[in-house]
Structures are given as structure tokens and as C-alpha cells.
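Hi everyone, thanks for making time for this. Let me put the structure up on the screen, and then we'll walk through it together.

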Amino acid sequence: MDKKYGVYICEGCGIAESLEVDALKSVAADEGRTAKTHPILCSPEGVDFLKKEIADGVNTLVLCACSRRVNYDTFRFDGCIVDRVNLREGVVWCHPRDKFPKLTEEEKTGGDAFDRVQMMAEDYLRMGMARVQKVALPEPFKLETTSEKILVIGGGVTGMSAALDAAKAGYDVTIVEKEDRLGGAALNWRSQLPVGDPYDKLIPPVIEEKIKAVQADPRITVRTSTMVARLAGQPGEFTVTFKKPGEKIQFDVPYPLPPEMLVDESGKELDAETLHKKYLEYNEGRADILTLDPDGELFGAVVLAAGWRPAKLEGDAYAHLGYGAIPDVVTNAEFEAIAKKGKIARPSDGKPAKSVVFIQSPGKDEDDSDFSYAGAVTSLVSLKQAKYVREDYEDGKSFVFYQHMRTPGLNENFYKSIQQDPGIFLTKGNVLSVAKGGGGLMIEATNTLLGEKLKVKADMVVLAAGMVPVTKDDPVVNMAYRQGPAFRDIDLFNGYCDSNFICFPYETQRTGIYAAGAVRRSMTTEEAMEDASGAALKAIQCITSVNRGVSVHPRSGDMTFPDFFFQRCTQCKRCTQECPFGALDDDAKGTPKPNPTRCRRCGTCMGACPERIIGFADYNIDSIGSMVKAINVPSEDDYSEPPMRVLGLVCENDAYPTLDIAALNKLSYSADVRLIPVRCLGSVNVIWIKDALSQGMDGVFLLGCKHGDDYQCHFVKGSELASIRMKKIGEALTSLALEVERVAQFEVAIDDYDKVPQIINDFVESIEALGPNPFKGF
Amino acid sequence: MTSENKAPASGSIVVVGGGISGLTTALEAAEVGYDVYLLEKNPYLGGRVAQLNQYFPKLCPPTCGLEINFRRIKDNPRIKVFTLAEVEKVAGTPGNYDVTIKLNPRYVNEKCTCCGACADACETEISDDYNFGMTTRKGAYLPFEMAFPSRYVLSPQIIGTEDAQKAKAACKYDAIDLEMQAKSMTIQAGAIVWATGWEPYDATKIDNLGFGQYDNIITNMMMERLAAPNGPTKGKILRPSDSKEPQSVAFVQCAGSRDENHLPYCSYICCMASLKQATYIRERCPDAAIYIFYIDLRAPGDRYEKFYKKIKEDKKVFFVKGKVAEVMEDSATKQVTVVAENAVTGEKTRQTVDLVVLATGMQPTAAKVKLPADLKYNADGFILNDYEKGGMFAAGCANKPADVVSSNQNATGMALKAIQTLARK
């Protein structure tokens with residue numbers, strides 16, 4: 001694109017009152033650009049004016065007006081590069097003239113005085129002009145061919161629901177199920193919990209109907225006794241190798257070397273060649289991830305609905321409950337199997353179990369927790385199974401001991417219906433022991449609603465064991481990704497393939513693979529079926545996004561993607577290792593192989609790259625670097641007491657809006673800072689910081705999201721990686737004889753607008769205390 | 001092969017309600033490639049979550065996710081947002097609906113720059129619903145700082161008064177149009193998703209819990225506003241009678257929920273909300289004693305369980321299993337005594353505290369006024385989904401009480417159900 005530049009300055013919203021617009025125009029003129037002004041650029045007249053400029057050939061616009069968060073549609077001009085120089089929120093509103101006075105006429109001629117606010121505006125204009133020279137209009141990345149088929153892993157109620165939902169929307173689906181028939185866990189159920197209004201009674205399992213519907217659907221292919229050996233490639237073109245359970249094949253997914261094998265005996269990191277050799281040994285018989293299975297089947301996106309297994313109750317924690325030692329103490333899953341066979345009979349002697357105690361919480365030490373992985377489901381299951389006893393025997397009795405009856409939402413109706421049954425006794429209680437006695441079992445509990453101490457005689461005891469996601473034991477999805485075959489960091493969720501985001505439950509670290517059902521959280525059938533619909537939608541959405549060549553969440557619609565200048569790659573592997581989404585697979589030498597449709601466009605790779613060879617069309621090392629270099633750094637040559645210059649690299653997702661809101665509230669902060677929005681702190685390359693300091697800027701801070709277990713980073717790892725890099729930069733600063741305190745990172749939440757001015761001011765003050773950067777003026 | 005093959009040209013989706021569920025349905029459908037009309041009756045998007053201080057269990061601000069969603073709207077011309085919009089009539093059948101909507105006047109046009117001069121010019125103070133009446137605002141106002149659209153609105157109450165004229169005179173940008181009238185329009189859509197959300201149950205109806213009678217009894221939603229940095233107290237938790245920091249706080253769980261006289265169902269979120277609000281109090285009043293009166297503590301799922309465990313470690317949070325039967329105020333100190341029967345010991349527990357928070361539940365918006373469409377409801381006013389019939393679906397808390405995560409899951413799924421209706425043609 002042959003760029004034709006235009007610079008436009010809005011005079012509205014207090015900009016012209018606060019700033020010397022003519023001086024801004026001459027800043028543009030210094031760069032060879034003619035700046036034009038308009039009283040209100042966003043008004044219909046202002047927009048017409050811009051449109052006329054575009055009609056006259058301008059295609060690269062620097063709009064000096066308000067924040068890019070507002071008037072986004074007013075200033076959208078297709079086919080043009082637009083930079084929004086934020087004079088309103090970024091300069092004028094947060095630096096009111098009563099606090100930051102203009103120069104008096106006398107000062108203007110005096111020579112040594114300066115107007116901090118005007119300087120700020122002029123810098124931002126220079127930065128905007130510098131940026132547009134270095135960016136290009138993005139062109140979408142498109143795969144040569146996109147598969148629109150959806151793979152559903154798991155043929156239980158969740159998987160079948162997802163398949164049916166996707167098929168109903170017009171997509172072809174393949175279900176793989178490792179067992180020899182569809183149905184999953186629900187096949188073993190006698191009855192199931194209600195899935196809809198009025199939620200007051202048990203219903204026959206929905207699974208048989210689902211199976212029939214799946215089998216009748218021409219868009220759904222079912223492969224039973226099949227599992228995924230590997231899932232290679234990327235959304236839109238996943239190449240999937242299937243196999244029979246237990247088989248060992250060439251395309252079984254290889255595993256990354258465990259951490260202890262990455263170093264030699266002295267703890268030193270091994271070189272790439274040795275590592276690769278070890279990796280091949282470690283994965284002997286398995287083809288590398290980059291070897292594509294020629295017989296693999298192509299899919300566009302994946303729903304992971306692999307389900308759960310009953311928790312194993314092992315160890316001393318459950319010894320008081322007699323499980324393992326007394327045959328008539330069983331788990332809820334075992335009890336369900338007994339109930340499915342017919343009238344409930346004791347495992348020990350086959351006699352009718354007419355009196356059954358259901359224990360929802362291990363109790364004993366006053367802990368009110370349920371069994372692990374219980375969720376709210378095991379409460380409901382206890383109630384369901386208590387009902388079985390009543391169904392089978394007119395004189396049957398069920399006792400349910402709970403700490404908290406967890407029947408949330410409309411499931412309360414089911415609880416209420418159970419309460420109506422005179423043969424079901426429900427009490428809070430702390431179960432102390434289960435022992436053999438009196439031809440049956442004796443259960444002792446304290447602290448119950450029926451008395452301080454309670455002893456109940458029963459034929460059987462049922463323990464409400466939880467639902468363990470199968471991904472806790474096995475990757476299942478077996479991604480042929482350099483970062484490994486499993487969902488990443490799921491220890492944070494106890495092995496569930498969950499998203500850490502409240503607002504975005506399907507957004508995990510693996511693009512195009514959407515977990516649903518009990519693999520994500522312990523769920524009832526109703527919840528699992530709903531979750532399946534959501535995951536199916538996300539899979540379809542991923543495919544259509546790939547088709548359009550755009551990113552999925554959170555930069556949905558973004559057409560840029562990282563571009564690599566491979567000639568200069570030193571195979572350091574940092575991009576491959578640090579990408580939160582596992583988008584890069586390096587080869588034997590360590591050269592990254594990008595998978596653009598796995599990429600979420602955060603720029604973490606760009607931030608990681610020491611050779612600075614990664615960039616996006618509209619966001620790259622040079623575009624930000626040029627903005628940094630465009631900042632004027634006054635020295636003692638200019639003023640007897642030159643102002644400080646502090647660079648702030650600000651996450652555009654949370655921190656930048658926070659600053660806008662601070663401005664809207666007329667909260668002010670130092671006018672000596674220059675802020676540059678970045679896609680994510682993960683994309684911050686330390687070269688920008690080094691550049692800033694070497695041109696004499698006095699300090700640099702990063703402003704971004706919270707990290708740690710409850711991270712708020714929209715790209716999962718960005719702010720965390722940035723903090724690691726900032727720690728490392730300290731050494732570099734020391735070698736330059738600069739204080740490490742000149743670089744800092746701060747966490748802000750989006751509602752911290754009242755705190756953010758203080759954070760900035762405190763940092764600027766700390767820099768002032770350090771004194772000017774010794775490189776200033778050189 | 002492109003996605004357009006799957007979408008009939010005329011296929012568009014109407015989403016009613018711009019809270020978190022409606023936003024989710026609208027965005028997820030639009031990002032597949034469908035045209036979506038998002039209708040919101042308030043002058044801003046975000047619904048209930050826009051009033052929350054933080055989400056459980058991450059304790060993160062809801063505006064964080066809202067901001068991303070607003071950006072997704074900005075970046076996606078397929079979504080058309082109408083605020084101050086109400087559905088008047090729905091005619092037609094699945095795949096082919098005519099939705100008549102009424103657009104109420106904002107009295108502020110797109111020239112608004114958010115400068116705030118109109119608000120400065122107004123004199124009359126009006127009770128602020130956003131803060132549940134704990135503060136007042138001017139007749140010209142920005143609903144809240146991060147409101148989307150970022151534009152002022154004039155309250156209908158000042159139209160025809162001097163304030164309206166003053167506001168208009170103060171606007172330098174010709175953005176105030178006092179002649180603006182309500183207008184009707186009809187949208188053709190293949191599917192409609194009702195994400196009409198919920199209302200906090202009216203606590204004044206729970207006679208025995210003293211709300212509206214005693215100053216220092218507030219609801220959980222009021223607590224959210226108190227704790228919010230942009231709330232009436234700028235994030236300080238102060239008891240209403242004397243604006244002092246409470247040294248003791250009681251949470252009354254199931255205030256109206258699980259109660260045949262009020263809401264017979266469990267509202268799903270209130271236990272977690274109170275546990276979360278215990279952290280608000282602890283952060284601001286380090287020594288305050290916190291009493292939580294409950295029937296069952298429902299922390300469904302591993303993540304919530306973990307959060308509950310964390311709160312249990314706080315030695316000054318006391319959990320009492322018992323339903324609160326009555327409350328009494330000491331007219332001199334304005335302290336409130338909460339009386340509950342301890343379900344385990346059978347003893348009557350009395351606890352005198354500085355502040356009482358009623359964990360009121362959620363009532364579907366449609367419980368009071370039925371929607372102008374052929375929909376089925378359960379006895380409590382939740383909309384029932386008929387997937388066989390298709391065409392119209394309820395998402396989020398219009399369908400059942402749920403937390404934000406589940407609502408978003410559900411709302412994502414409902415986007416697909418809507419798309420299926422279109423694809424079926």
C-alpha cells in the first residue's frame with residue numbers, strides 16, 4: 001500500500017482550550033506532514049471532512065482526538081490505517097490546567113520554562129506519526145483447505161449432545177468412543193435426575209434416546225472402541241490418528257522430556273542436539289509431532305467430552321467408614337450398578353438391602369467437606385439412590401447423612417420431593433464410624449438434627465464418592481504439540497479441563513478444542529447437555545473464524561497473525577515455550593513452526609524473541625520501538641531543570657481502559673509519563689525498555705493484569721511472563737550502571753481507576769529520587 | 001467452503017436483554033457469522049453484573065469481562081445494539097418472526113462527547129437505581145463510568161422541567177434533543193433468545209427480616225454497591241445509620257429463597273455471594289466479626305468448594321446453621337439483633353451486630369410481567385425451553401437461577417439453538 005498520510009487534530013472536548021494547536025501543527029510539519037484541524041472531528045461534519053480527505057487519496061490517518069475506546073465506529077474507515085492519538089483522555093482530561101498551568105506570556109519568551117501538558121501532546125502526536133509509518137493493513141491468514149468436520153471425543157451424554165447439536169446446525173461430526181458402545185457412564189444408571197421442569201422426580205435415563213438419535217443422524221459418524229492416538233496440526237486442519245484402545249502405533253503421541261531430563265548431571269541445560277537425541281530415545285517408536293500421518297483424518301475443531309470416572313476411596317481418610325474392609329459399604333457408583341441389576345441386594349450375602357445409609361461427607365474430624373470431586377452432584381445422587389430403596393421395598397428405609405445438602409437452583413424441587421417421602425430420613429450429621437454389628441452395619445454419627453449422638457442400623461452404607469475428570473489421569477486428547485499432549489496447567493483446576501475465566505468458560509489454553517461436561521466440572525446430566533451445546537457452538541465458531549482468517553477470543557476478528565523472519569532465528573525456543581496457547585512447534589533444530597490458527601494474537605512470542613524477528617502487520621517491534629524513539633527526551637542542554645521522561649507500557653485490555661476512566665473522572669497523574677498501549681504485557685519485548693533507557697528516559701513501567709492462580713490476564717500468561725522478564729532485566733540494567741528500580745511492573749484491575757494515578761505518581765517520584773538517567777543527552 | 005453456506009441470507013437473531021447472558025449469546029452468534037440485534041431496556045449494557053463489585057471465586061471485577069465484550073461488539077459490525085429498547089410484540093413462527101420494538105428516547109444523540117456539562121447544569125437530584133437508591137444523581141447522567149454506549153442520558157423525570165432546558169443549554173455539542181420521541185420499529189428475525197435476567201427479590205416482602213424498617217439492614221446487592229469503587233461510598237463499607245464501619249456483620253442466607261412464602265427454589269448464588277462479601281468486609285474492616293446464618297452452604301463444584309475452605313480459615317467468620325426467624329433493632333444504638341434457631345443444638349441463637357446483610361435471591365424478570373411472546377413459564381416465572389419447537393429460547397437466569405459461569409455456558413449454547421432454527425430452513 002502506497003501510504004498517503006493525513007494528520008487531523010480535533011479541537012473539541014477541551015483540546016483546543018488546553019493545548020496550543022498551532023504548535024501541534026508545527027510538530028506535524030517538522031515531520032513533513034500537514035496537520036488539519038476540525039472543531040469537532042466526530043460530528044457529522046467532521047466525519048464528512050475526513051471522508052473527503054480519504055476520497056482525495058489519504059489512506060493513513062493520524063487522528064488526534066479521543067481514546068480509541070470511544071467513537072470506534074465513527075472513525076472506522078475500511079481500507080485505511082487509522083491511529084488514534086489520545087489527546088482527550090490521555091492528555092487534556094487527566095491534566096487539567098488548574099493543576100498543570102499553561103505557560104504565561106512571560107514564561108513563553110523566557111526560554112527555560114516548559115509546558116508539561118503541551119509536551120505530552122506533542123510527543124503523542126510524534127508517536128502516532130511514527131507508528132503509522134511502521135504498520136500495514138492486515139491481510140487474513142487462510143488455510144488452503146479447511147475441514148469443517150467436528151470431532152467429538154467421548155460418546156457419553158455430553159459427547160452425543162454436542163454431536164447432535166452440531167449436526168443440527170449443519171455440520172458433519174465424528175464421535176469417538178473408547179468403549180465398544182455409545183452411552184458412557186449413564187448406561188449404568190437405573191434412573192436419572194430430572195433434566196427440566198418441574199424437577200421433582202426421577203426420570204428414565206435419557207441416554208437410550210440420545211443413542212437412537214445419534215444413530216439415526218446421517219451427519220454423525222460413530223467410531224466405537226476407538227481413541228485418539230494423536231491430534232496434530234491446527235484448527236481448520238487437525239490431522240487425527242485413531243487407534244484401538246491398548247494398541248501401540250507409530251502415531252501415538254510423543255511426550256516432551258520431563259524436566260529432569262533437560263539438564264546434564266551438573267544441572268546445566270543440554271544443547272539442542274542432545275535434547276533432540278534424548279527426546280527421540282524417550283519416545284522410541286513414536287513419530288515426532290511434525291511427522292504428519294498420511295492416513296490421518298482431517299477435522300476443523302474438537303469437542304472434548306471424555307467424561308469422568310468414579311473417585312477411588314483409598315487411604316486412611318476413609319478407614320472409619322469401613323470401605324474396602326466391609327463388603328456392604330460401597331460407593332455410589334457401585335450402588336448404582338447394584339440398583340441397575342434389579343432389587344437392591346447386599347453384596348455380602350445377596351439379601352435385600354432394605355435399610356441403607358447414604359454418607360455424603362467423610363466427616364469424622366468435623367470437616368464439613370464432601371468427598372473430593374463431589375461438586376453438587378453427589379448430594380443429588382444420594383437423594384436419587386435413597387429413592388431406589390423406597391422403590392424396591394415398601395418397608396425400605398433410607399438415611400442420608402450430609403453436612404450441606406447441595407441441591408442448588410431448581411434442583412431444590414427434587415430435594416423437596418424427597419423430603420415428602422416418609423421412608424427417607426435426612427439429617428445433617430458428622431459420621432464417626434461404620435462397623436459391623438447386629439447382622440448388619442452400625443453407623444454412628446454426632447451433631448445431627450435428630451440428636452447429639454445417633455446410631456443407625458443398616459443393611460448397606462453408600463459413600464458419595466466424587467466424579468474425577470478422566471483428564472486427571474490421561475491427556476485423552478493427545479495433542480501433537482511441542483508443549484505436550486495434554487491441556488496445560490490443569491492442576492490449577494484439580495485436573496478438570498476448565499477455563500479460569502468466569503466470563504469466558506470455554507476459553508482454555510488450547511484453541512479449537514472445547515471441553516464440555518464432567519471433564520470440565522462435576523455436572524448433572526442437565527448441565528452436561530447444556531454445556532455440550534455451548535462447546536459445539538464454540539467448535540463451529542472456531543471453524544468459521546478459521547475460514548475467514550480471523551482470530552477467535554479474545555481478539556475475535558483480528559486479521560493479523562505473527563510473522564517470522566526465519567533467517568535470523570537462533571533457535572532459542574523461547575517463543576515455542578512461552579506461547580500460552582502452544583501455537584508453535586519447533587523442529588529438531590529448534591526453529592519454530594507457526595500454527596497460525598492456534599494463535600490468539602497476544603504477541604507473547606514477539607515479546608519473548610531476543611532476535612526480534614516476530615511481528616504483526618499492525619503491531620511489531622519496530623512500530624512500538626519507533627514510538628519510543630519518537631518521544632522527546634529533554635536534557636540539561638534544553639532546560640536547566642529538564643523534566644523526567646518515564647515510559648509506561650500499558651496493557652490495552654484492562655490497564656488502558658482504567659486510565660481512560662481515571663481521565664473521565666478528572667483524576668490526574670504526572671505529565672512526564674508517556675504511555676503506549678500494548679496487546680498484552682506478554683508482548684512487551686525488553687528491547688523497547690532498553691531503547692527507552694538508552695535514549696535517556698528515566699524510567700519504564702509496565703501496567704497490566706493480575707497474575708498468579710487467580711490470574712486476570714486475558715492471554716493467561718502474559719503478565720506473569722512479563723514479570724519474569726522484568727526480573728531478568730535487572731542484570732542488564734546493572735551492567736549499564738543503571739539502578740534496577742528504574743524498571744517496574746504494576747498490577748491493576750480494570751476498576752482500579754482511582755488507584756492508578758497514585759501508582760504512576762509514586763513511580764515517577766521514585767525515579768525523581770533516583771535522579772536523571774546518566775545517559776540523558778548522550 | 002465458507003461458513004456462509006450454513007447461514008441463510010435472511011437469518012438474523014434477536015437477543016432480548018443486554019446483561020452478561022444476552023451479551024454472550026449475541027457475541028457468540030455474531031462471531032459465528034450471524035447478524036444479531038441486541039436489545040436492552042436500560043440505557044447501558046451489562047445488566048446485573050454491571051452492579052457487582054467482584055465475581056466469586058476469583059474476586060475479579062465484572063467490568064473486566066464486560067470491557068472485552070464491549071470491544072468485541074465494537075469490532076463486529078454484525079451486532080446492532082439498541083439500548084432503551086423494549087419488545088412490544090412478537091408475531092410469526094420459528095425461522096420467521098416479526099419483532100416490534102419500542103425505542104424509548106435517550107434525549108441525547110450520538111454527538112455526546114461525555115463531557116458532563118449537562119449533568120453539572122442540572123439541579124434536581126433523582127434517586128439512583130443503579131445504587132439501589134443509596135445515592136442520588138442528576139437528571140442528566142452517565143449510568144456509570146464504563147457504561148456502554150459511552151453516552152449520557154436524560155431521565156424522563158426532568159423532561160419538561162427547567163433542568164432539561166439547562167442541560168440542553170449547557171451542551172456545546174448540540175447533543176441534547178428534547179424533542180426526541182419514542183419510536184417503534186419492526187425487526188425480521190429467524191430466532192429470538194430471551195435473556196431477560198433477574199431482579200433481586202423484594203426484601204420488603206420478607207416482613208420478619210426488617211428490611212425497610214431498620215436502617216442497618218441491607219441486601220446483598222446493596223453490599224455490592226457499597227464495596228464497589230464507583231459506589232455510593234467509594235468502596236467503603238459503612239452502615240447506613242451513622243456511616244461508621246461495622247465491627248460486626250451478620251449475613252442472613254436464604255432471605256426469601258427456599259421459602260414457600262416467597263421463592264420456593266434455591267437462588268444458586270447467594271451462599272457464594274455471602275462468602276465473597278465476607279472478603280469485602282475482611283479487607284476493609286480487619287477486625288469485624290462476621291456471622292453467616294445458613295440452612296445449607298451450597299458451594300457447588302471444586303472451585304467454589306476451595307473458596308469456601310479459604311473463608312473457613314478466617315477465625316472471625318462464624319458459620320451458624322439456622323434459619324433467621326426475626327430481627328430486632330435497638331433504637332438507641334441502631335444495632336440489630338438477629339434471632340435464629342440453631343438447627344443442630346435447637347437453641348435459640350441471638351446475635352447483635354452493627355450491620356445485617358440479607359442474602360436475597362433472584363426472581364426472574366418475567367415473574368412480574370409476562371413477555372409479549374408465546375412462551376411457557378414454570379410456576380415461578382422462569383421461561384421453559386421447548387427445543388422441539390425451536391425459534392425462541394431463554395438464556396441465563398431467565399431460564400433458571402444460575403451463577404455467571406453457568407449463565408455464560410448456557411447462553412453460549414442458546415446461541416447454537418438459535419442458529420439451528422435458522423439453519424433448519
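Let's begin with chain B: which domains does the domain assignment give for it? There is domain 1, built from 10–103, 182–198 and 363–423, then domain 2 at 117–170, and domain 3 at 202–360.

The model scores ipTM 0.96 and pTM 0.97. For chain B, the mean pLDDT is 95, with 97% of its residues at 70 or more. There is one stretch to treat with care: over residues 1–9 of chain B, pLDDT stays under 50. The model has 16 contacts beyond four places in sequence for those residues. Where pLDDT is low, the predicted coordinates should not be read in detail.

Back to the domains. The centres of domain 1 and domain 2 of chain B, taken over C-alpha atoms, are separated by 27 Å. Where these two touch, ten residues come from domain 1 of chain B and eight residues from domain 2 of chain B. On the domain 1 side, that group divides into six nonpolar, three polar and one charged.

Now over to chain A. Its division runs to domain 1 (1–137), domain 2 (150–253 + 289–308 + 470–548), domain 3 (258–287), domain 4 (312–465), domain 5 (563–614) and domain 6 (619–778). Between the centres of domain 3 and domain 4 of chain A, over C-alpha atoms, there are 51 Å.

I'd like to show you two sheets in chain A. One is an open sheet of three strands in the order β8-β9-β10, with antiparallel pairing. Which strands sit at its edges? They are β8 (227–234) and β10 (297–299) of chain A, and each pairs on one side only. Ignoring direction, neighbouring strands here are turned by 30 degrees against each other on average. β8(A) pairs with β9 (residues 237–243) of chain A over seven bridges, and A:Q234 stands opposite A:E237 in β9(A).

The other is an open, antiparallel sheet of three strands in the order β17-β18-β19 of chain A. Its edge strands are β17 (430–437) and β19 (451–458), and the twist averages 20 degrees from one strand to the next. Strand β18 (residues 440–448) of chain A and β19(A) pair over seven bridges; in β19(A), A:K457 is the bridge partner of A:M442.

Finally, let's see how the two chains meet. How many residues does the contact take from each chain? It takes 63 from chain B and 67 from chain A. On the chain B side, α1 (20–32), α2 (62–74), α7 (302–312) and α8 (404–423) each supply at least two residues. By class, the chain B side has 29 nonpolar, 16 polar and 18 charged residues.

The axes of α13 (residues 525–548) of chain A and α1(B) come within 8 Å and cross at roughly 40 degrees, which makes α13(A) oblique to α1(B). The residues in contact are A:L537, A:I540, A:Q541, A:T544 and A:S545 of α13(A), with B:E28, B:E31 and B:V32 of α1(B). Sorted by class, this contact has three nonpolar, three polar and two charged residues.

How values were computed: Residues numbered from 1 in each chain as written. Chains lettered and ligands numbered in written order. Predicted model: local features only at pLDDT ≥ 70, side-chain atom pairs only at ≥ 80, totals over all residues. Pairing = 2+ DSSP bridges. Helix = DSSP H or I, 4+ residues; strand = E, 2+ residues; numbered from the N terminus. Axes fitted to C-alpha atoms, helices over the stretch in contact; angles between N-to-C directions. Contact = placed C-beta atoms within 7 Å. Nonpolar A, V, L, I, M, F, W, Y, C, P; charged D, E, K, R; others polar. pLDDT = per-residue confidence, 0-100. Domains from an automatic or database assignment. Parallel < 35°, antiparallel > 145°, perpendicular 65-115°, else oblique.
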